[in-house]
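Please look over the sequence and the model shown here before reading the notes that follow. They are arranged by topic for someone meeting this structure for the first time.

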Amino acid sequence: MTYRLPKDWKPKWAATLVYILRGDEVLLIDKLRGHGEGKVNVPGGKIESETPEEGAIREVKEEVGLVVEDLNLVAKLRFHDFETDYRVLGYVFTTSQFSGDPRTTDEANPFWCPRQKIPYERMWEDDRLWLPVVLAGQYSDADLLFENDVLVAHEIKISEFALP
């Protein structure tokens, strides 16, 4: 079902997601606590008093111990849950430039996963709509409407860009 948020829509906060690429693999995490606990996701989180890139770099270091650089903005996602009034603007980045080895923290258990075996059935429902597009080298701009964490409507605009 297609739905477009009102033009005057405002997020309560902004957040990041970072897809770290290594050859044909992507670094995923088992989310151990907080929003999305029990799901598979990627490092990321709330942006504090910083740019989206700075927030992404900080969150990756905190969640999995990697230092990332050369981030590429590949998607903007607007999440809205009418039941809970959850309103978040998500900035999605990719990078293949990182140092260190992923480590488990109290928030995340990281693991490398082949891109063709991404476990969408264990992820947020909307990921299967926009993530394959991003990993195929296209930019996604999406409105994602939820009711109690269940996706009920969406609109995704796709444009071309090149992954590094």
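Which residue with a positive phi follows H2? Glycine 137 follows this helix, and its phi is near 95 degrees. This is a predicted model, in which local features need pLDDT of at least 70 and side-chain atom pairs count only at pLDDT 80 or more, while totals for chains, interfaces and linings use all residues. Residues are numbered from 1 along each chain as its sequence is written, and side-chain values use heavy atoms, with hydrogens and water left out.

- Helix H2 spans residues 127–135, where helices (H or I, at least four residues) and strands (E, at least two) are DSSP runs numbered from the N terminus.
- Buried residues (under 20% relative accessible area, with a 1.4 Å probe and protein chains only) in H2 are Asp127, Trp130, Leu131, Val133, Val134 and Leu135.
- These buried residues pack against strands S1 (13–22), S6 (72–81), S7 (86–95), S10 (138–147) and S11 (150–160).

**Valine 133**
- Valine 133 counts as buried because its relative accessibility is 13%.
- Leaving aside residues up to four places away in sequence, valine 133 touches Gln138, Ser140 and Ile158, a contact being heavy atoms within 4.5 Å.

**Strands S10 and S11**
- S10 and S11 run antiparallel and are joined by 10 bridges; two strands pair if DSSP finds at least two bridges between them.
- Tyrosine 139 has serine 159 in S11 as its bridge partner.
- The two strands form a hairpin with 2 residues between them, and asparagine 148 in the turn has a positive phi of about 50 degrees.

Terms used: Buried means under 20% relative accessible area, exposed over 50%, partly exposed in between (1.4 Å probe, protein chains only).
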